[in-house]
Amino acid sequence: MPNFKLVTNHLFLWRNLVFYLFLLIFAFSIVNAWIIREALSKYVFDEWLINYSHGFVRRGLVGTFLMFIHDKFYISIDGIRKIILHFSYIIYCIFSIIYITKVNNLKKQLSLENLVVFLFLPCLIVFPIRDLNIIGRKDFFFLFGLAVNLFFVTRYVMTLKASSEIISSQEDSPISNKEINKYCYSLFIWFNLLSIPTALIHEAIIFLGIPLNMMITGSLVSSKLTKRKSINLTLAIYLPTILVAVLCMLARGNEEIAVGICNSWHKYSTIATKFSSDCITELPNTLKFFNISNTSVIKMVIKNNIRGNNGLVFLSWLLVFSLNVVILIRASYTLIKNSVEKFNQKLSREESPIYEYPVNFNDVFTIFSFKYLFIPFIFSLILYVSALDWGRWFFIISVSYALCVLSPSLLELEIYSFYRKQKRLRWLYPIYSTYSQVIICLNTLNEKIFRPIYLFILIYTILMIRIPHYRIDTIDLYKGRSLIKSLFR
């Protein structure tokens, strides 16, 4: 038999090699894009300048602030662009540090294969590096609210574990209720403090951020409270951000406001050619959508993303998304399985009045992925109908789910409350039942046959596929730039 300690050390060495190789490539990519190329698309730059100079309109908060900075300190258009450039990359780097730290904390628990997935899968942290048009997008702010929520979940679970509440306490323990109140109060303050300004700069938080966070909060508070109290408390926490996001959705703007904003941009620079010289006849692309109806946008989506190139564009999107989802689900399945097995080992050493038999990891995984991947994706579908940037929406949903999977406290919370949650899913039974059957079919595939196919899919997806944020081409399926190639663009 091989020496177990030697094998473990060998695997750990390979994990470190992959992890630090990723850090090296990633750091060079950031430096190349930020310092050397100063990559920031014109569309993204223009969107930051939308303001309230001609009335309240969605996404106008930051532009109004930049106008104030310009008037106060007389900063030129080039100076404002530098501010936006550096701020955009700082935001991406902060998120990257949060994500990579989570991966590093679980490095010993991840297999080499899964480590490669969470670091190099095109729909996760490397997505913005492969498509630099993503840098500066306001979608990143949705993820900070999630990070704050997961932080408070971790604090809650650690407190309960320290007081031995999870396994041995009674359901209505005053300690548990106190910690729930503390979690809800802290989350209400900090989440809304971050997310209300975010809603004022991008209203899509109501589809890409709120549903997932509500699922997390609902899972935590329902572990001790009744269904009605859980729903009311969860809604109360997120209601301020929801109301602001709805208000911004209603403030679509019109042609008059768009022209007014365009004219306001000229004050940023003495060089008129920096912006359109005639805002009435030629609006910048960022402002053209102010006067386009929802029906027209839906027609554009159908034309470009569904019927484009005789349907090949839609098939390309579908193939790219499917391959990435299969890989992400398999990686998360393995991680959740390991967590459940550790919990069952703990149960075997302790007599618990709550759990009479080992927890079934297939059931836990199905519930976890249903709540934190499937349901958020369903809520985001409206964006696939009403907006063209399909790659962006897929990235936010995928990386949000990865953050949940890489949060051990959230996994523990789901395991501990497993039996209680089964009852809570009855109202979604028709959808959940269908979803669970699909997951069961995937999990029962013959490993000897499926394993080689999966490895081929994994290698192909990581090395060849590039997910664009907008307008996918068939070339992205076989000549997509890898992360290493991005260094030499």
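Over the ring of which residue does the charged end of R330 sit? I looked it up in this predicted model. The ring belongs to Y454, and the charged end of R330 lies 4.4 Å from its centre. I then noted another such case: the charged end of K107 sits over the ring of F19, 4.6 Å from the ring centre.

**Aromatic pairs.** I searched the whole structure and got 33 aromatic pairs. I took F22 and F120 to begin with. Their ring centres are 5.2 Å apart and their planes stand at 85°, so I logged the pair as edge-to-face. F22 is in helix 1 (residues 4–36) and F120 in helix 5 (residues 112–120), so the pair ties together parts 98 residues apart in sequence. Both F22 and F120 are buried.

Next I took F321 and Y384. This pair is also edge-to-face, at 6.3 Å between centres and 80° between planes. F321 belongs to helix 16 and Y384 to helix 17 (residues 361–386), 63 residues apart. F321 has 11% relative accessibility, so I count F321 as buried. Y384 has 8%, so Y384 is buried too.

I also found an aromatic cluster; its members include F22, F120 and Y99.

**Core.** I checked the largest nonpolar core, which holds 151 residues. Y99, F118 and I216 touch the most other members. Helix 16 (residues 312–349) gives the most to this core, with 14 residues. I listed the contacts of Y99 beyond four places in sequence: F118, L124, I125, V399, A402, L403 and L406.

**Helix 19.** I went through residues 408–416 and found eight of the nine buried. Among the buried ones are E412 and E414.

Notes: Residues numbered from 1 in each chain as written. Predicted model: local features only at pLDDT ≥ 70, side-chain atom pairs only at ≥ 80, totals over all residues. Heavy atoms only, no water. Buried < 20%, exposed > 50% of the residue type's maximum accessible area, 1.4 Å probe, protein only. Helix = DSSP H or I, 4+ residues; strand = E, 2+ residues; numbered from the N terminus. Core = buried A, V, L, I, M, F, W, Y, C linked by side-chain atoms within 4.5 Å. Contact = heavy atoms within 4.5 Å. Phe/Tyr/Trp six-rings, centres within 6.5 Å; stacked < 30°, edge-to-face > 60°. Lys NZ or Arg CZ within 6 Å of the ring centre and 35° of its normal.
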